[in-house]
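Subject: Model handover, cavities and pockets

Hello,

Here is the model you asked about. Please load it before you read on.

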Amino acid sequence: MDIKGIISKMTVEEKAGLCSGKDFWRTKAVERLGVPQIMVSDGPHGLRKQDDQADHMGVNDAIKAVCFPAGCAASATFNRELIEEMGKALGDECQAENVAVILGPAVNIKRSPLCGRNFEYYSEDPYLAGEIAKSHIRGVQSRNVGTSIKHFLANSQEHRRLTSSSEIDERTIREIYLPAFETAVKEEQPWTVMCSYNRINGIHASENKTYLTDILREEWGFEGFVVSDWGAVNNRVKGLEAGLDLEMPSTIGDYNDKLIVDAVKNGELSEEVLDKACERILRIVERYTENRAEGTEFDYDAHHSLARKIAEEGIVLLKNEDNILPVKKEEKLAVIGAFAKVPRYQGGGSSHINSYKVDSALDFIGGLENVTFALGYEAESDRPDEKLISEAVETAKNADKAIIFAGLPDSFESEGFDRGHMRMPACQNELIMRVSKVQPNVIVVLHNGSPVEMPWVNEVKGILEAYLGGQAIAGAVCDVLFGNVNPSGKLGETFPIRLEDNPSYLYYIGEKDRVEYREGVFVGYRYYDKKKMDVLFPFGHGLSYTTFGYKFITLDKETMSDKDELRVTVTVKNTGKVYGKETVQLYVAPKTEGVIRPVRELKGFEKVSLMPGEEKEVTFILSKRDFSYWNTEIHDWFAQSGEYVIEAGSSSRDIRLGKSVEMCSGDKVPVVYDLNTTVGDLLKNKATRDIFKDYEHMFALGVDSHDVEEATMGASTLKMQISILECLPLRNALNFGTESADFSKVLELIRRLNEHKE
Ligand code: BGC
């Protein structure tokens, strides 16, 4: 396509038209110039291609497709290769159906367990979310199908999602809410980015130039087009100027297209801006159509098997007291729960797939000789049903072990609204309690998209978090239960003991449209670790049927500069009796002072497969960014000089090895000395301390005051004096200083300090 040539021949009306959809899912063709339409569809974990009766809430039917594990389960695999495979399969389904862009991945940060859409999102941790997103994008786009990383930006709740403003400070946005998008854009170039519904610090994401242009394109080099979330456009003309290229779906009567035309015609909007948006859209149209893999076919069953494999690795063994799992075929098992018949395997809303087939755990194990079944509760119910509970209790009494399939019903979590609490249905909690009174060997299998409170956690011996694991989850669960598969999933989010423990609790869901992200960078484990709080299950947690020994950690240097790379190797060994996989997690723990930072942050992970007795070495490369925080004085990443401990662990709360490295930063945060500079700040640094020596006589206590005999003053008075002096601004020499204090000398000191800096 001669894109520039085509644009030069298009009328303003045609150009404006190209910047909004033809209908719910298609772009407009410009037939006279040979521009075809392309189709986009949801995503993210399956293809939701609708023909007629389109909607963005998953209400109406779509074609049959394979429902892969949702984001919560995909991230729990910590397996980049598997997620890339899933992406390839999705890409093939899109090619087979002539869909050019599949809307996802969804990488919003899980700020609160209550967000209705957490099931679709990856993690509370931006590094994990970014890594999984990259793999998803790489896989899909390897099939010449585009992705749409979403929802850009800070869309971490569903309540009032179209109007609310996420009020976030600069450092928090940079450290927590931007990085998953940043890594994905910089490393995988998704074809499109979907802006979110909400506002960010008052400005709609769909017309927020800071994010859509300054950061996304100019800083990160994004090359594709920005599409609005469905109905996210507030002011079409402002949006176009800010960097929003395609509005989806179109507006009735092409209302917004006409606003663009008017704005160009009356000079309010430069035609160049419109041309640029058209060019970006046409480049993707060209990329898809000119490399179209016509005739692509796929095997539904092969994709089902892949979905099962991913589901297997996304299952997290939360608890396994007395090695209650795996169960043996000979044991008498009471299988209980409506989710054993039909699992809850996907969430509600725009990601809802018309699944090709759905496995049931009962179909796999119900036929076994020693298995009995009781319903226990109705899937959509909250209230306990005495009859169903009593039947389940009776069944459990007569078995060796009881396996209860539980979790959250559709009505408890979905796109479009947030949860009001973190509890499971009362009927399920009561069922688990009552069964555990008569049966000491209880295993709970959970189907839920986000953390739940577990009042029964100490009453049961085994807990498997199966998440919303896609249409093949039931087979995967059975394989894990019986030990055909060794569980290897890890939590991409903390399970707090109770909702009130969560750092966003005081501010979530905000007041009207103002949602203040006051916990700042302390999201998830960053908060629980800093507060040394007990949690139900920590970030990164996940047990195995084998054990892993962490043997050595080596760093290739003891001291590094912020220009260097640090090579870290960790040796891990399977010290148990069965084959298994372990995710070695690498955290960086700053020991520096002066800046309030999380205790540790995830900066690497590698999943390794190990036969019993086998050991492997995994390598990580760390560089400046991994040590940095976002400094709001220089508006850049800054790796403070000082000590950092590089930690390797099996979870964020199970750190097995650690070694220190000394960072000597080449960057400087500019300091301006003035009358409010404190004496203490000058004493910290040798150069400024030396200059200060010439003036210390003006202050009540000189630098040598630290050496004053405690005996002459009394220890606490001395401490107080030193503390007061250290916090004393230079201007106060005239109030509290010695007779020799002289204002012109204070100004001279400040001048010398500032000169020295240069
Ligand atoms: C959702 C998007 C989705 C779009 C199209 C919106 O409501 O937020 O994630 O891709 O609808 O269905």
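First, the ground rules. This is a predicted model, so local features need pLDDT of at least 70 and side-chain atom pairs count only at pLDDT 80 or more, while totals for chains, interfaces and linings use all residues. Residues are numbered from 1 along each chain as its sequence is written, and side-chain values use heavy atoms, with hydrogens and water left out.

**Pockets**

On a 1 Å grid over the protein atoms alone, a pocket is an open set of points with protein on both sides within 12 Å along at least five of seven lines. Lining residues have an atom within 4 Å of a point. Grid points are joined across faces, edges and corners, and a volume is the space filled by probe spheres set on the points.

The largest pocket holds about 1200 Å³. It has 29 lining residues, with V669, V671, Y673, K684 and N685 closest to the centre. Domain 3 (548-664) and domain 4 (679-755) each give its lining at least three residues. Those bounds come from an automatic or database domain assignment. By class, the lining has ten nonpolar, ten polar and nine charged residues. Here Ala, Val, Leu, Ile, Met, Phe, Trp, Tyr, Cys and Pro count as nonpolar, Asp, Glu, Lys and Arg as charged, and the others, Gly among them, as polar.

The second largest pocket has about 610 Å³. Closest to its centre, of 29 lining residues, are Y127, T183, K603, R625 and D626. Its lining splits into nine nonpolar, five polar and 15 charged residues. Domain 1 (3-289) and domain 3 (548-664) each supply at least three.

**Cavities**

A cavity is a set of grid points where a 1.4 Å probe fits but cannot get out. There are four of 30 Å³ or more. Of its 14 lining residues, D42, H56, D229, W230 and S350 are closest to the centre. The lining comprises five nonpolar, three polar and six charged residues.

The second largest cavity has about 70 Å³. It is lined by 13 residues, with K110, P113, E124, T494 and N502 nearest its centre. Domain 1 (3-289) and domain 2 (303-530) each contribute at least three residues to that lining.

**One residue**

Is E519 buried or exposed? E519 is buried, because its relative accessible area is 8% (buried is under 20%, exposed over 50%, partly exposed in between, with a 1.4 Å probe and protein chains only).

Best wishes
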